[in-house]
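Dear colleague,

Please find the sequence and the structure below, handed over for your use. My findings follow directly after them.

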Amino acid sequence: MPAPISVVIPTLHARDGLRKSLPPLVEGVAEGLIHSVVFADGGSNDGVNDIAEETGAEVVVTKPGRGTQLRAGIEAAKGDWILVLHADTVLPPQWTDHISRALNAPDRAHVFRLSFDVAGFAPSFVAGWANLRTRFFGLPYGDQGILLTKSLYQQVGGYQDIPLMEDVALAKALKGRITLLDATVVTSAERYLRDGWFRRGARNIGLLLRYKLGADPKALANRYRSPAKKP
């Protein structure tokens with residue numbers, strides 16, 4: 001069977017993250033699951049193109065904004081399945097076992113459980129809430145990774161051309177068709193360490209509520225990227 005999966009990674013000055021997230025993909029190549037890797041790049045100047053050349057990844061350059069980048073990257077992807085992976089999210093060992101089983105359910109999208117690259121009560125609490133939110137409300141975030149067929153992606157309208165909440169909008173379109181895999185990715189805790197775990201968590205919830213109430217995603221993106229103000 002031809003390798004069915006194109007891995008699409010949105011990148012913007014993401015060299016350090018890619019150095020960690022790309023090696024686990026070798027397992028997928030060895031198992032014959034990965035067809036190609038596409039960097040959907042928003043204008044990096046930190047050597048992302050050099051990494052693409054080293055690894056054989058394709059680079060699609062577009063204006064910055066995750067929704068815009070992912071739309072372009074997935075449009076260029078040739079695999080029947082798409083695995084969207086953030087540049088700072090690392091797949092676990094034996095991830096291919098879980099993905100291989102997921103390929104038997106092409107009518108659903110599949111996401112990983114979340115964990116962070118630091119230990120402690122706060123990261124465990126935030127990750128636990130994310131996993132509960134996914135299981136009971138069908139609302140994963142992009143740093144959990146998402147696997148789905150390109151046809152299902154197109155059927156629900158794909159990623160919206162917005163700089164933030166593109167993952168929430170896609171999850172809404174996929175309502176009732178999201179499966180939480182029994183495998184856990186590790187993602188960067190950088191923003192939480194910078195802003196504080198509960199301050200960043202409260203801000204994320206606030207941004208989500210404002211988005212659902214109709215706020216402009218561009219304004220929310222600016223707010224998301226700026227450091228949280230400390231009391």
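The largest cavity in this predicted model has a volume of about 80 Å³. A search of the whole structure finds one cavity of 30 Å³ or more. Its lining is made up of V111, P140, Y141, G142, G145, I146, Y159, D167, L170, A171, L174 and I178. Sorted by class, nine of the residues lining the largest cavity are nonpolar, two are polar and one is charged. Helix 8 (residues 166–173) gives the largest share of this lining, namely three residues.

Q155 itself belongs to helix 7 (residues 150–155). Is Q155 buried or exposed? Its relative accessible area is 58%, and because the cut-off for exposed is over 50%, Q155 counts as exposed.

I turn next to the second largest pocket. The space in this pocket amounts to about 230 Å³. Its lining consists of 14 residues, and those nearest the centre of the pocket are L22, L25, V26, V37 and T55. Four elements each contribute at least two residues to the lining: helix 1 (15–21), helix 2 (25–30), strand 2 (34–41) and helix 3 (48–55). By class, this lining comprises 10 nonpolar residues, three polar ones and one charged one.

Eight strands form an open sheet with mixed pairing, in the order 3-2-1-4-7-6-8-5. Which strands stand at the edges? They are strand 3 (58–61) and strand 5 (89–90); each has a single partner strand, so one side of each is left without a neighbour in the sheet.

- Strand 2 and strand 3 run parallel and are paired over four bridges. D41 is opposite V61 of strand 3.
- Strand 1 and strand 2 are also parallel, with seven bridges between them. Here I9 stands opposite F39 of strand 2.
- Strand 1 is joined to strand 4 by four bridges, again in the parallel sense. V7 has L83 of strand 4 as its bridge partner.
- Strand 4 pairs with strand 7 (residues 146–149) in the antiparallel sense, over four bridges. The bridge partner of I82 is L148 of strand 7.
- Strand 6 (residues 109–116) and strand 8 (residues 178–187) are parallel and share seven bridges. S115 is placed opposite V186 of strand 8.

In strand 2, seven of the eight residues are buried, so that the strand is mostly covered. In strand 4, W81 and L83 point one way while I82 and V84 point the other way, and all of them are buried.

Two helices lie across this part of the sheet. Helix 3 lies across strand 1 (5–11), strand 2 and strand 3, and runs at about 170° to strand 2. Helix 4 (residues 66–76) lies across strand 1, strand 2, strand 3 and strand 4 (81–84), and its direction is at about 150° to strand 1.

Finally, I draw your attention to D80. This residue sits in the loop between helix 4 and strand 4. How does the accessibility of D80 class it, as buried or exposed? D80 has a relative accessibility of 56%, and therefore counts as exposed. Leaving aside residues up to four places away in sequence, D80 touches P4, T149 and K150. T149 falls within strand 7 (residues 146–149), the antiparallel partner of strand 4. D80 and A215, by contrast, are 135 residues apart in sequence, and the distance between their C-alpha atoms is 34 Å.

With kind regards

Key: Residues numbered from 1 in each chain as written. Predicted model: local features only at pLDDT ≥ 70, side-chain atom pairs only at ≥ 80, totals over all residues. Heavy atoms only, no water. 1 Å grid on protein atoms, 1.4 Å probe; cavity = no way out; pocket = protein on both sides within 12 Å on 5 of 7 lines; lining within 4 Å. Points joined across faces, edges and corners; volume = space filled by probe spheres on them. Nonpolar A, V, L, I, M, F, W, Y, C, P; charged D, E, K, R; others polar. Pairing = 2+ DSSP bridges. Contact = heavy atoms within 4.5 Å. Axes fitted to C-alpha atoms, helices over the stretch in contact; angles between N-to-C directions. Buried < 20%, exposed > 50% of the residue type's maximum accessible area, 1.4 Å probe, protein only.
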